[in-house]
Structures are given as C-alpha cells and as structure tokens.
Amino acid sequence: MSKLARNIGWAAFTLVNVFFCQAFAQVENSIESDILNNNVEEVTYCIDPNWAPYEAIRNNRHVGISAQYLALIEDLADLSFTLVPTENWQQSLEYVQQGRCQVIPMLNTSDYRRQFLDFSLPYFEAPNVLVAKEGTPMVQGYSGLGNRTVGIVDGYRQLEYIYRHYPNVRISMLSSEQEGLKQLLDNKFDVLVGSLLSMNMHINNQDLEGLSIVGYAEPHDSLAFGVNKSSSHLIKKLNFAIERIPEEKKVAIYKQWNNVKVRESRNYSVLLLCVVFVLIVLIGLIYRSRYLREYKHVLASKDTRIGELKAALLEKNRALAYLSAHDKITGLYNRNHMIQRAEEEISRFQRFHTTATLIIISLEQRNNKERAIDDFVREDMLKRCASSCLSTIREVDVVSRFNEQQFIILCPQTQLDAAETLAARLLESIKKQKSLMSMMKVSIGLAELKDEEEFSDWYERTLAALNKTDRLGCDIAASHD
C-alpha cells in the first residue's frame, strides 16, 4: 500500500510540474508578444562622434562597438535606428535632452542624467585609466593625484563623479579624448582621464610617444542605453533585446575592438656604440680577432643583464598590483578595491536581484582624554582586528580596511538576518582580544543593499546604523529602512 501511495504521489507531482511549465511558457510568450508586436518602430539616436572604438562617426556613418550592438538589438526588438549626427558629445547630450533624438546608445548612469533620461540594463563594461607622460609615478585613483591637474572631456560622467567625491581635484575641460592627448603632450595639464580601449587606440593610431597608463580611475564604465523620458516605453524593448544577446556575440565584438597593445621602448645606444667599435676594430686586422671576442662577450653580458631586468620588472609589477589593492599595515584589501568590488556587487544586484549586505566595524579609543595611543600599539590593534575578521568571515566575503579605524566587510548574496549572525560571531571573536578591548570600543553597523542605490548611498545608510550604536548603547545596529 505504501508503494502504491508513493507511485500516486510521483504521478501527481509530475502532472503539476508539467502544468506549471506550460503556464510559465504561456506567460513568457505573452510577455514577448506584448513587447514585440511585429511593428518596426523608428527610433532616432545620437552618439559621441569622437569616442572610438566605443562609437564614432566616420564618413557620416556610425561605427564602433555601439553600432554592432544596435544592429543586434534591431533584429531582436523590432526597432529601426536612425542616426542624428552631432559635432561633439556635449551636443549629443543637448539633443537627447531637447528630444531632437530619442536615445543615446552608450553612456553611464548618473544623478544628473537621470533628470532627463531613463536607462536600460548595462550591456558593456570597461575600465577608465589615467594617462600621463612617461616618468610619472603610478597613481592610485583620484586620491593619489595630489596637486596634478586632470584633463577630462566636458559632459563625461567622470566629471560629475569628481565634483561629488573629490572636490579638491583641479580640472581642465576638453572637447574630446583625442584632443586631450595632444594637449597632454603640450603640457597643458598633467593627467588625462579616459576609457582604456579608446586611449590605447588613439595612442597607437597616432603613434604618440612618451605617454603611458599610470593608473586606473574609479568608477569603471557600466554602459547602457539612455532614453529620453518622453520615449521611456522603449526601455522594455531594449532590456528584452539586451537580455537575449548571445554571450558569444558579446565576446566576438569585444575581441574585434580590443586594441590594447604593449608598447615597448628599447635603448639602442649601447648596441650602436658596439657596432661603431667593431667597425673601427675591423680597420686593424691585427686586432680583429681580439675585438670580435670582446664584442661577443659584451653582447652576452647585456643579454644576461636584460634577462635580470625583465625578471626584476615582472616582480615589481606583481608587488605593485598587490600594493594597489591592499592596505600596507593589515594586508587587507584597501578602500579603492572595496569600492570596486562593491560597484560590481551593485551591478550584479541590478541584473540578477541577488541581495548583499555591508558591515562596518569601527574602532574608537575608550578614553580620548588619556594620552594618545602609540603608533606601534595602534598598528598592533589594527592587525589583531584584521586577524579576527579573516578568521570569522566566509570565503565569499570581502574584508577591507576602509579608513584609519574602519573595516568594511562586503557579504555577497547575504540577507540582513544572516549578516547580523555573522556580525555577532565577528564581535565575539574580536572581544577575545583582551588587549584590544581594553583600549578600544568596537561598534558594528549593517545595511542591506536596496534598489536604485549606489555605493555612496549604501555606505551612508550603513554608517547611520553604526552611529545608532552610540544612541542605543549597544555594539551592533542594523539599518531596516
């Protein structure tokens, strides 16, 4: 009887499963028919005419990465795109704001642009870089610029980002990245901000010597369609098409336009002197054999030296890559790396709606009226706190030293309740450090990522939860807003 009941149960489960699959397929077909009604809609668009290889106008034709994505989306979304030519990026922004074109196919989101544009899902991501003359030391983002003047194209999202987060950075406005490279060589400013692919293309195509990439500029580009709010109905069609672009097509487009090349410079002066020396030796046949042996010996030593220098350079590059992403005292990730990972998690949240939680740990001296803590002791306490964090967090979590006495833990795919459990376990581990707890007060704040939220907003909510611990007289507080 038990076996018969199990068979009946499995049969019922199979029937229900088939029913739900058919219902889901009908819903999918219904959604697709609502979006694609077999009527091709005409859409006007503007682009940045001088942003190759991302997009450009050449012989009155739209070329570049965005042009190929537009061709794919036309087929997938029953849309027909018509280019409205413009002279520069500033004019393109003015046209879409005035409604003279409906869409800009490739731009970053920003608070200012959201006033007159709605945005599709992002479909192309790329880093921004800092370019300077050779000999300029490596720069760790905008915080490492010091007194240098930065050149940036007027209207780019980076300009709004710098005004908001780095108001003390000196700015020089440009009309295009290509013009900016020429002005950089003419010493009109010190560092140029631009997109990695376009910078390399201009440097290689124009054979510009003496320029090199000296660092990355946050945040990375997360490029999407910007649609005038009067045409916001296009967002559904664009998102529908973007989600259905095959991954192999995306990879093929990136490979076609990826023009990053390694530019090597060699000093031939030593070789030239050796050749001249050999020619002089050849004049005297008596010394021919002796000087030829000397020349071979010199070349062999130079090859050995070059091999040693290459190995040393490789090791320094590895060390530089580590230092650019890690805190020198605790060995944890630093502020820039945490912001980059958080931006990636926010992008993943916007795509797949996988939540995440941010945890801030603050260390404060218990009695500020006493003599300041010695630097050596402070560093030891920071290391002890870092050790407790590393021994407690999960493998998927990312922990960093965010500023002087603040640690941040990014918990991907983690809801607030689970993060609170992790925070409690972390606090318990830190409290076992008696020497640390005797001098420092530990507070923890948490906040779960919400829709339409950038990192700065997320961080501010978490910081508000941290400040709540003082008001409530507790060690841990979470933001439930």
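The lining of the largest cavity in this predicted model comprises eight nonpolar, five polar and six charged residues. Here Ala, Val, Leu, Ile, Met, Phe, Trp, Tyr, Cys and Pro count as nonpolar, Asp, Glu, Lys and Arg as charged, and the others, Gly among them, as polar. The volume of this cavity is about 170 Å³. Of its 19 lining residues, W51, N108, Y156, R157 and D221 lie nearest the centre. At least two lining residues each come from β6, α4 (157–165), β11 (191–195) and β12 (211–228). The top contributor is β11, with three residues. Helices (H or I, at least four residues) and strands (E, at least two) are DSSP runs, numbered from the N terminus.

Two cavities of 30 Å³ or more are present. A cavity is a set of points, on a 1 Å grid over the protein atoms alone, where a 1.4 Å probe fits but cannot get out; lining residues have an atom within 4 Å of a point. The second largest cavity has a volume of about 30 Å³. L363, R378, M381, L382, Q405 and M440 form its lining. Helix α12 (residues 375–392) provides the largest share, three residues.

The second largest pocket has a volume of about 390 Å³. A pocket is an open set with protein on both sides within 12 Å along at least five of seven lines. Volumes are the space filled by probe spheres set on grid points, which are joined across faces, edges and corners. The pocket is lined by 14 residues, with P122, Y123, E247, K250 and R351 closest to its centre. Helix α8 supplies the largest share of this lining, four residues. The lining has nine nonpolar and five charged residues, and no polar ones.

One disulfide was counted, defined as a pair of cysteine sulfur atoms within 2.5 Å. It joins C46 and C101, with the sulfur atoms 2.2 Å apart. The torsion about the S-S bond is about -125°, so the disulfide is left-handed. The two cysteines are 55 residues apart in the chain. Both C46 and C101 are buried (under 20% relative accessible area; exposed is over 50%, partly exposed in between; 1.4 Å probe, protein chains only). C274 is also buried, at 13%, whereas C474 is partly exposed, at 24%.

Helix α6 (residues 196–205) has nine of its 10 residues buried. D207 follows α6 and has a positive phi, near 50°.

Residues are numbered from 1 along each chain as its sequence is written. Local features need pLDDT of at least 70, side-chain atom pairs count only at pLDDT 80 or more, and totals for chains, interfaces and linings use all residues, while side-chain values use heavy atoms, without hydrogens and water.
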